[in-house]
Amino acid sequence: MHASRHITLSSALVALCAGQAFGLTPPPPPCAYSGDMAEGREIASSGNWPNQFVSYTTYDKADRTYFYLEHCPSGKVLRSKSQPHSLKSTGPRDSGEISATLYDALASKTPYTMGDLQALMRDQGVPTKRLTSKRESCACQTYFPDTVGSKTPYKKDAK
């Protein structure tokens, strides 16, 4: 497992335990750190954003990071992929650069669409793919439970 993932998971667990002790931090969604999958890869983290968007990340055997952005009501998903972590060069395909670009855009006050974010990533040379999910994701069920619509409701370990 990639060293930074160990640090991230350890830090998250420490923060979670400390927060729960003081009643400040809600527990992470059940899809984070519990074996739920996206395209056959375990979900390592998830988050929520304005306009009913969620994000989650996975890693592959080539040690690349996959970033997913999903619009919960529509099930539309934008996936972007980093270069392998073993490549020491930095640049727009570095996972740190991808996450900074994507998450800064999501956190900005500027309105955005899935197409806007895909264009932003592609302009930087980051491979992207658009998908439409027919099943409710764990992240959507956790953060926006009223957006299942016509999708199959989330169920742990559903294939």
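This is a predicted model: local features need pLDDT of at least 70, side-chain atom pairs count only at pLDDT 80 or more; totals for chains, interfaces and linings use all residues.
Reader: I'm looking at the strands first. How many bridges join S6 to S7, and which way do the two run?

Author: Five bridges join them, and S6 and S7 run antiparallel. Two strands count as paired if DSSP finds at least two bridges between them. Helices (H or I, at least four residues) and strands (E, at least two) are DSSP runs, numbered from the N terminus.

Reader: Which strands make up the open sheet, and in what order?

Author: Five strands with antiparallel pairing, in the order S3-S4-S5-S6-S7. S3 (45-49) and S7 (128-132) are at the edges with a single partner strand each, so one side of each has no neighbour in the sheet. On average, neighbouring strands are turned by 20° against each other, direction ignored. Axes here are lines fitted to C-alpha atoms, for helices over the stretch in contact, with angles from 0 to 180 degrees between N-to-C directions.

Reader: Which strands does helix H2 touch?

Author: Contact means heavy atoms within 4.5 Å. By that test H2 (residues 95-107) packs on the sheet and touches S3, S4, S5 and S6, its direction making about 15° with that of S5. Helix H3 (residues 114-123) packs on the sheet too, touching S4, S5, S6 and S7, at about 155° to the direction of S7.

Reader: Now the charged side chains. How many salt bridges are there?

Author: The general idea is that side chains of opposite charge can pair when their charged atoms come close. The rule asks for a side-chain nitrogen of Lys or Arg within 4 Å of a carboxyl oxygen of Asp or Glu, and the count here is three. One of them pairs Arg64 with Asp60 at 2.7 Å, N to O.

Reader: Which residues are linked in a network of salt bridges?

Author: Glu39, Arg41 and Arg79. Glu39 meets Arg41 at 3.1 Å, N to O, and Arg79 at 2.8 Å.

Reader: Is Arg79 buried or exposed?

Author: Buried means under 20% relative accessible area, exposed over 50%, and partly exposed in between (1.4 Å probe, protein chains only). Arg79 is buried at 15% and Arg41 is buried at 14%, whereas Glu39 is partly exposed at 40%.

Note on methods. Residues are numbered from 1 along each chain as its sequence is written. Side-chain values use heavy atoms; hydrogens and water are left out.
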